[in-house]
Amino acid sequence: MKNREWALLKWSCLAVSIGSVVVAAGLLWTSSKSVLIEEPQQVTGEAATQPQAKIEKPLIVERKGEKIIWRLQADSAKQQEKGMYLVEPRLELFTDSGEAVPVKGREAWFEPIRKNIRFKGGVEIRYREWTLHSEELHYDSERDEMVVPGSFKAAKPDFTLRGRGLRVDRKTQQLTVDHDVRVKDATSRALGDQS
């Protein structure tokens, strides 16, 4: 009898196993909605360079000893492979005397290894009574200078300066304009104007 009970138990377990496989197959077959696992799509072109991880209200500070050299913040940032993409960035460059020079723009890219910052779109710099507007600005950390590679307009009350290719040394605040300098004040005609 023992052999008969073991045989019955063995065949019962086999029947339950086969039955569950048949029921599972039947449910999958009759199910109109099946679970699909999406494969990640290959991203190419401009979309491949788009940011990956989002960061809210980033703040990055560069110091030399006790002195703050610059402070960079933004409304949001997205981590990319070789740096960070910033939305509505604001940079404060500090002179050796501690005076802040605020820079803002629509977007910027920060390279954490070289500590360079590249602003693009609606760039505005304020220094004392001066306001400078351009579409692009680079901060070169190694040279410790701001560079406006394209055209710019700098103005203060009753005085306007236009040109292309501006470099500003952070420590000395010395300006160098490479091309097409045009100066105009309220009392005289534009200097450098050939018309």
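I began with the order of elements: from the N terminus on, the protein chain runs α-β-β-β-β-β-β-β-β-β-β-β-β-β. That makes one helix and 13 strands. Helices (H or I, at least four residues) and strands (E, at least two) are DSSP runs, numbered from the N terminus.

A note on the ground rules. This is a predicted model, where local features need pLDDT of at least 70, side-chain atom pairs count only at pLDDT 80 or more, and totals for chains, interfaces and linings use all residues. Residues are numbered from 1 along each chain as its sequence is written, and side-chain values use heavy atoms, with hydrogens and water left out.

**Confidence**

I looked up pLDDT, the predictor's confidence in each residue, from 0 to 100. The protein chain averages 80, and 77% of the residues score at least 70. Where is confidence lowest, and where is it highest? Helix α1 (residues 2–30) is lowest, with a mean of 69, while strand β8 (residues 107–111) is highest, at 95. Over residues 31–48 the pLDDT is below 50, and beyond near neighbours in sequence this stretch has one contact in the model. Contact means heavy atoms within 4.5 Å.

**Inside and outside**

I checked burial next: buried means under 20% relative accessible area, exposed over 50%, and partly exposed in between (1.4 Å probe, protein chains only). Of the 195 residues of the protein chain, 27% count as buried.

**Salt bridges**

Side chains of opposite charge can pair when their charged atoms come close. I used this rule: a side-chain nitrogen of Lys or Arg within 4 Å of a carboxyl oxygen of Asp or Glu. The count comes to 14 salt bridges.

I picked out Glu62 and Lys115, whose closest N and O atoms are 3.2 Å apart. Glu62 sits in strand β2 (residues 59–64) and Lys115 in the loop between β8 and β9 (116–127), so this pair links distant parts of the chain, 53 residues apart. Are the two partners buried or exposed? Glu62 counts as buried because its relative accessibility is 14%, whereas Lys115 is partly exposed at 31%.

My next pair was Arg106 and Glu135, which meet in a salt bridge at 3.5 Å, N to O. Arg106 lies in the loop between β7 (100–104) and β8, and Glu135 in strand β10 (residues 130–140), so the pair ties together parts that are 29 residues apart in sequence. Arg106 is partly exposed, with a relative accessible area of 48%.

I also noted Glu145 and Arg143, joined at 4.0 Å, N to O. Glu145 is buried at 11%, but Arg143 is exposed at 59%. Salt bridges that share partners join Asp96, Asp144 and Arg170 into one network.

**Aromatic rings**

For ring pairs I counted Phe, Tyr and Trp (its six-membered ring) with centres within 6.5 Å; planes under 30 degrees apart are stacked, over 60 edge-to-face, and the rest tilted. The structure holds four aromatic pairs. Why is the pair of Trp70 and Tyr139 edge-to-face? Their ring centres are 6.5 Å apart and their planes are at 70°, so the pair gets that label. Trp70 lies in strand β3 (residues 67–73) and Tyr139 in strand β10, so parts 69 residues apart in sequence are tied together. Both Trp70 and Tyr139 are buried.

Tyr85 and Trp109 form a tilted pair, 5.4 Å centre to centre with 55° between the planes.
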